[in-house]
Amino acid sequence: WLANHKEFHLGGNHLLENLITILIGTTQFKGEISEKLFNENLKILQKELTEQILNDGGHYERSAGYHIQILDRLVLLGFYIQKFKNLRPEFLILAISKMYIWACKVRLQNNNIPNFNDSNKEINYQIGDILDFSLAFLKSYKTNNKDFRSLITKEFYKKFQENKLPITIESYLNNRELIHLPETGWTIIRIKKNWE
């Protein structure tokens, strides 16, 4: 049903959630129909990520909340595809890499995120856990936490011989005084110890 009722009319994070759900679902079945659904929706996902992920790594809705949620779902999808399809699509790794770096840059003190668009402090986005989860997928390693994401990294772990990342993954520290994200349209300034 979902494959025939994707939210193209809403687009953005809604459509990405639809595609990710369909793709994870297809990994649980064998046969011609699931294979066809997988291939069709993977192509749509590639097109959407190309359009929706900006050059600076942000999501085009300019919401840190949506960005973190989508990153989390894409990493989960990456683990499923890796485990059940024996694939690591380059376009998916590129999107996750760019989104990971962006999330590192906008991560505020105490694991907060900027409160623009549909983001707020009351919703627990667990940015630190999601960044660890992302890096575990990108660099093919298991995490040692005791949450759902760690269980996924252990259960779905697979070391790939060719593990070259399409872009350099850097660690962005919260104490950088100025971070400019031109496509997102944000600049983060840290002038004093407890002021961002």
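Biologist: What is the relative accessible area of Glu-17?
Modeller: This is a predicted model, with residues numbered from 1 along each chain as its sequence is written; local features need pLDDT of at least 70, and side-chain atom pairs count only at pLDDT 80 or more. Totals for chains, interfaces and linings use all residues, while side-chain values use heavy atoms, leaving out hydrogens and water. Buried means under 20% relative accessible area, exposed over 50%, and partly exposed in between (1.4 Å probe, protein chains only). Glu-17 counts as partly exposed, because its relative accessible area is 22%.

Biologist: Which side chain meets Glu-17 in a salt bridge of 3.5 Å, N to O?
Modeller: A salt bridge needs a side-chain nitrogen of Lys or Arg within 4 Å of a carboxyl oxygen of Asp or Glu. The pair at 3.5 Å joins Glu-17 to Arg-73. It links distant parts of the chain, 56 residues apart: Glu-17 in helix H1 and, in helix H3 (residues 64–85), Arg-73.

Biologist: Which residues are linked with Glu-17 in a network of salt bridges?
Modeller: The structure holds 8 salt bridges. In the network, Glu-17 is linked with Asp-72, Arg-73 and Arg-149.

Biologist: At what angle do helix H1 and helix H2 pack?
Modeller: Helices (H or I, at least four residues) and strands (E, at least two) are DSSP runs, numbered from the N terminus. Axes are lines fitted to C-alpha atoms over the stretch in contact, with angles from 0 to 180 degrees between N-to-C directions. H1 (residues 12–26) and H2 (residues 32–52) are roughly antiparallel, a label for angles over 145 degrees. Their axes lie 9 Å apart, at an angle of about 150°.

Biologist: Where do Lys-36 and Glu-40 both lie?
Modeller: Their side chains meet in a salt bridge of 3.7 Å, N to O. Lys-36 counts as exposed because its relative accessibility is 52%; Glu-40, at 37%, counts as partly exposed. The two are 4 residues apart, about one turn of helix H2.

Biologist: Lys-47 forms a salt bridge with which residue?
Modeller: The closest N and O atoms are 3.9 Å apart. Lys-47 is partly exposed at 48% relative accessibility. Its partner is buried, with a relative accessible area of 8%: Glu-48.

Biologist: Which residues make the nonpolar surface patch of about 430 Å²?
Modeller: Patch residues have over 30% relative accessible area and no salt bridge; like charges are joined within 9 Å, nonpolar side chains (Val, Leu, Ile, Met, Phe, Trp, Tyr) within 5 Å. Areas come from the Shrake-Rupley method with a 1.4 Å probe; for residues, only the protein chains shown count as cover. Trp-195, in the segment after strand E2 (186–189), is partly exposed at 46%. The patch is made by Leu-178, Ile-189, Ile-191 and Trp-195.

Methods. Parallel < 35°, antiparallel > 145°, perpendicular 65-115°, else oblique.
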